[in-house]
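Morning, everyone. I have one structure to walk through today. Please bring it up on your screens.

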Amino acid sequence: MSEALSLELQGVRKAFDRAEIICGVDLQLREGERCALIGPNGAGKSSLFNLVSGRHRADAGRILLHGEDITRSTPQAINRLGLARSFQISSLFPRLSAFENVRCAVLWKLGYRYAFWRRIGRLRDAADRAHEVLERVGLLARAHLPAGELSYADQRALELAVTIAADASVILLDEPTAGMNRAEAQAMVALIREVTHGKTLLMVEHDMQVVFGLADRIAVMDNGRVIACDGAERIRANPEVQRLYLNRSIDG
Ligand SMILES: Nc1ncnc2c1ncn2[C@@H]1O[C@H](COP(=O)(O)OP(=O)(O)OP(=O)(O)O)[C@@H](O)[C@H]1O
């Protein structure tokens, strides 16, 4: 893992209706690092994702992507700078094939509007890339099927394919194994490990087996703050984290 920082949050704050829900978050992710963001419901994990991906704008503090200040950038600009965020299944196009869903993501990265899709050579590049990504997530044989007809686990894999299609260097995944059984979750962990190799990963996840199986470091949020960020052993031994998870196992 490199020492260079991919993503850096410095004193990030955000309030809604005068209630501060992100209360000065500092977080640093090194290139190639996999970090899981955990914490109780309402801790601020999704809000932090929304700030990093540009959906919401921070009231104070700075967010840097590869050293570049993206605090006030649009989601599109942040995406173009190399940060991709997974979207829930509902944002897949259910009537388009798995292939077409992934190709849309590739074309978006290439900057094409629908009107320019007739540039056949580039279209072929996008199709090749879409096939390559579908193969990596194990969906090549079902590439022609409408996304809405895929099994739940396959739709989650397609969501991952759409996220990695544009070859972003920093990837944000929002509960990638939610709703999966143990075997499906294990397969998803292996898939995420494979397709994000060498990339920087920040993931919100409630399933502790997934968290401990995948993350190099674990950031624990509570009440809008990151109260600990460390390797698995130190997180397990952290008294504040133990208090937070008093009624639940932190071991998964
Ligand atoms: N757009 C908004 N307007 C007002 N309050 C909001 C908004 N978005 C989030 N909040 C509040 O901010 C707090 C943190 O919510 P957030 O969804 O970020 O937590 P979370 O850690 O992702 O929780 P969960 O694990 O349940 O998804 C909650 O109290 C929530 O009600």
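This is a predicted model: local features need pLDDT of at least 70, side-chain atom pairs count only at pLDDT 80 or more; totals for chains, interfaces and linings use all residues.

Which element gives the largest share?

Now the polar pairs. A polar backbone atom of G44 sits 2.9 Å from an oxygen atom of the ligand. For S46, an N or O atom in the side chain is 2.8 Å from a ligand oxygen. H206 brings a polar side-chain atom to 3.3 Å from an oxygen of the ligand. How much of the ligand does the protein cover? On its own, the ligand has 630 Å² of accessible area, and the protein covers 59% of that.

Next, the inside of the protein. The largest nonpolar core has 50 residues. Those with the most contacts inside it are V102, L134, L158, L160, I218 and V220. Take L160. Beyond four places in sequence, L160 touches L173, M188, L191, I192 and V195. Another core lies apart from the largest one. That other core has 26 residues, including L29, C35, I70 and M221.

Let me stay with L29. L29 sits in strand β2, residues 19-30. Is L29 buried or exposed? Its relative accessibility is 0%, so L29 counts as buried. Leaving out neighbours within four places in sequence, L29 is in contact with A4, L5, S6, L7, C35, T200, L201, L202 and R217. As for L9, that residue is 20 residues from L29 along the chain, and their C-alpha atoms are 9.0 Å apart.

Look for D207 in the loop between β8 (200-204) and α7 (208-214). Why does D207 count as buried? Because its relative accessibility is 18%, and the cut-off for buried is under 20%. Beyond four places in sequence, D207 touches T177 and R182.

D59 is in the loop between α1 and β4. At 47% relative accessibility, D59 counts as partly exposed. Its contacts, again beyond four places in sequence, are R13, K14 and A15. A polar atom of the D59 side chain lies 2.7 Å from the backbone nitrogen of A15. From D59 to F16, it is 10.0 Å, C-alpha to C-alpha, across 43 residues of sequence.

D17 is exposed, at 78% relative accessible area. Now its backbone. Most residues other than glycine have a negative phi. D17 is not a glycine, yet its phi is positive, about 50°.

H66 also has a positive phi, near 50°, and H66 is a residue other than glycine. You will find H66 in the loop between β4 (60-65) and β5 (68-69). With a relative accessible area of 35%, H66 is partly exposed.

That's my tour. Over to you.

Note on methods:
Residues are numbered from 1 along each chain as its sequence is written. Side-chain values use heavy atoms; hydrogens and water are left out. A polar contact is a pair of N or O atoms within 3.5 Å; within protein, one must be able to donate a hydrogen and the other to accept it, and residues adjacent in sequence count only if both atoms are side-chain atoms. Accessible areas come from the Shrake-Rupley method with a 1.4 Å probe; for residues, only the protein chains shown count as cover. A nonpolar core is a set of buried Ala, Val, Leu, Ile, Met, Phe, Trp, Tyr and Cys residues joined through side-chain atoms within 4.5 Å. Buried means under 20% relative accessible area, exposed over 50%, partly exposed in between (1.4 Å probe, protein chains only). Contact means heavy atoms within 4.5 Å. Helices (H or I, at least four residues) and strands (E, at least two) are DSSP runs, numbered from the N terminus.
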